[in-house]
Amino acid sequence: MTLETMMTPLADRLGLTLPIIQAPMAGTSTPAMAAAVSNAGGLGSMGLGAVDAEAARSMIAAARGATNRAFNVNLFCHRPAVRDAAREAGWIDRLRPHFAAYGAEPPATLAEIYRSFVDDDAMLAMLLDTRPAIVSFHFGLPGADRIAALRDAGIILFASATSLAEGRAIAAAGIDAVVAQGYEAGGHRGIFDPDGPDERLGTMALTRLLVRSLDRPVIAAGGIMDGAGIAAALTLGAEAAQLGTAFVGCPESAADQGYRAALATAERTVMTRAISGRPARSIVNRFTAIDPDPAEVAPYPVAYDAGKALNAAAKAKGEAGYGAQWAGQAAPLARSMPAAEMVELLGEEMRAALAPR
């Protein structure tokens with residue numbers, strides 16, 4: 001990497017002018033955001049895990065209509081939920097008083113609202129047809145046949161790791177780059193097994209471990225909000241930094257007004273399962289205060305069906321504190337400006353941090 005160009009081998013391969021990746025953030029990122037970041041020289045991203053194949057096709061088309069540069073699309077690779085009617089009924093009952101506070105009844109039953117890419121043939125067919133430049137995976141990896149099909153289509157692949165063991169599995173699967181998701185990161189923890197042990201490695205420690213141990217590019221993600229944080233990640237050997245919370249306040253974001261207001265005044269975040277059934281870092285709010293035993297919560301993404309219903313009931317009465325207000329530990333550093341201006345500012349701050357003193 002040179003200070004003059006801020007290029008790394010990965011940035012060069014992706015056609016970037018800055019080693020900055022806007023995190024996918026399903027439900028918050030938009031085609032307009034992804035295009036604006038890519039047009040500004042970074043890598044824009046869209047989360048497709050919460051939509052079906054046809055909606056995903058429309059999002060890709062919209063982004064392509066606004067940029068001719070590369071962008072990244074992200075898929076969830078969680079294990080499909082193991083349904084347990086008694087556990088789900090118990091979780092509904094646990095939330096019932098919260099619904100009642102807003103004059104609402106919880107759903108009688110819950111649905112598995114998101115389909116995992118591991119068994120979504122329609123999504124795979126759509127990707128092979130549209131061929132986005134980059135496809136990334138969260139919560140694990142799809143089967144070897146899906147990885148091979150995407151690679152054969154000329155698509156560059158990323159996957160998230162929260163540990164050295166996951167990073168090694170990603171490298172062994174032939175994925176092109178590893179996203180080192182530290183415990184600081186906002187949103188859903190990418191850990192492969194949410195019920196297994198979690199080393200809770202921070203971004204910088206995890207990045208350095210992966211850089212030293214793997215033979216492919218590492219992207220640092222989690223708690224990075226400004227150019228100084230990007231510079232620190234690059235100094236440790238990362239070839240790019242991925243920022244999510246930093247872009248939530250941009251006008252191109254799909255975040256609602258309650259989410260934006262919470263981010264503007266955020267002081268603390270917490271890891272919680274209450275909202276969706278999987279560990280995820282949120283701004284402290286009414287939902288995170290529930291703080292259940294993990295064994296009590298319905299599995300992901302079934303619990304998210306209840307979470308979304310509770311948020312809708314509360315919002316209808318003017319209460320925004322039950323939203324999925326995902327944010328990383330450095331949320332108090334959040335700024336609000338158009339996405340392209342954010343990329344430009346991050347680049348200036350990064351150059352200043354890396355300049356000789």
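Here is a walk through this structure, from its overall build to a few places worth a look. Keep in mind that the model is predicted.

Let's start with the whole protein. The chain holds 13 helices and 11 strands. For 357 residues, a compact globule would have a radius of gyration near 21 Å, and the value here, 19 Å, agrees with that. Taken along the principal axes, the C-alpha atoms fill a box of roughly 60 × 45 × 40 Å. Of the 357 residues, 56% count as buried.

You will find alanine 23 in the loop between strand 1 (20-22) and helix 2 (31-39). Its relative accessible area is 10%, so alanine 23 counts as buried. Leaving aside neighbours within four places in sequence, alanine 23 is in contact with Ser29, Ser45, Gln242, Leu243 and Gly244. Alanine 246 is 223 residues away from alanine 23 in sequence, yet their C-alpha atoms are 9.3 Å apart in space.

Now turn to helix 11, which spans residues 257-264. Which of its residues are buried? They are Tyr259, Arg260, Ala262 and Leu263. These four cover an arc of only 165° around the axis, which puts them on the same side of helix 11. The buried residues pack against helix 10 (245-248) and strand 11 (280-283). At the start of helix 11, a side-chain oxygen of aspartate 256 comes to within 3.2 Å of the backbone nitrogen of glycine 258.

Glutamine 325 leads us onward from here, as its contacts include Gly258, Tyr259 and Ala262, and Tyr259 and Ala262 are among the buried residues of helix 11. Glutamine 325 sits in the loop between helix 12 and helix 13. With a relative accessible area of 5%, glutamine 325 is buried. What does its side chain pair with? A polar contact of 3.1 Å joins the side chains of glutamine 325 and asparagine 285.

Next come the aromatic rings, where a search of the whole structure finds 9 pairs. In one of them, the rings of tyrosine 102 and tyrosine 322 have their centres 5.8 Å apart and their planes at 80°, so the pair is edge-to-face. Tyrosine 102 lies in the loop between helix 4 (85-100) and helix 5 (121-130), and tyrosine 322 in the loop between helix 12 (302-316) and helix 13 (339-354), so this pair ties together parts that are 220 residues apart in sequence. Both tyrosine 102 and tyrosine 322 are buried. Tyrosine 322 also forms an edge-to-face pair with phenylalanine 287, at 5.7 Å centre to centre and 65° between the planes. Phenylalanine 287 belongs to the loop between strand 11 and helix 12, so its pairing with tyrosine 322 ties together parts 35 residues apart in sequence. Phenylalanine 287 is buried too.

Elsewhere, ring pairs link Phe76, Tyr114, Phe139, Tyr300, Tyr304 and Trp326 into a cluster.

Conventions:
Residues numbered from 1 in each chain as written. Predicted model: local features only at pLDDT ≥ 70, side-chain atom pairs only at ≥ 80, totals over all residues. Heavy atoms only, no water. Buried < 20%, exposed > 50% of the residue type's maximum accessible area, 1.4 Å probe, protein only. Helix = DSSP H or I, 4+ residues; strand = E, 2+ residues; numbered from the N terminus. Arc of directions from axis to C-beta. Contact = heavy atoms within 4.5 Å. Polar contact = N/O pair within 3.5 Å; in protein donor to acceptor, adjacent residues only side chain to side chain. Phe/Tyr/Trp six-rings, centres within 6.5 Å; stacked < 30°, edge-to-face > 60°. Rg over C-alpha atoms; globule rule 2.2 N^0.38 Å.
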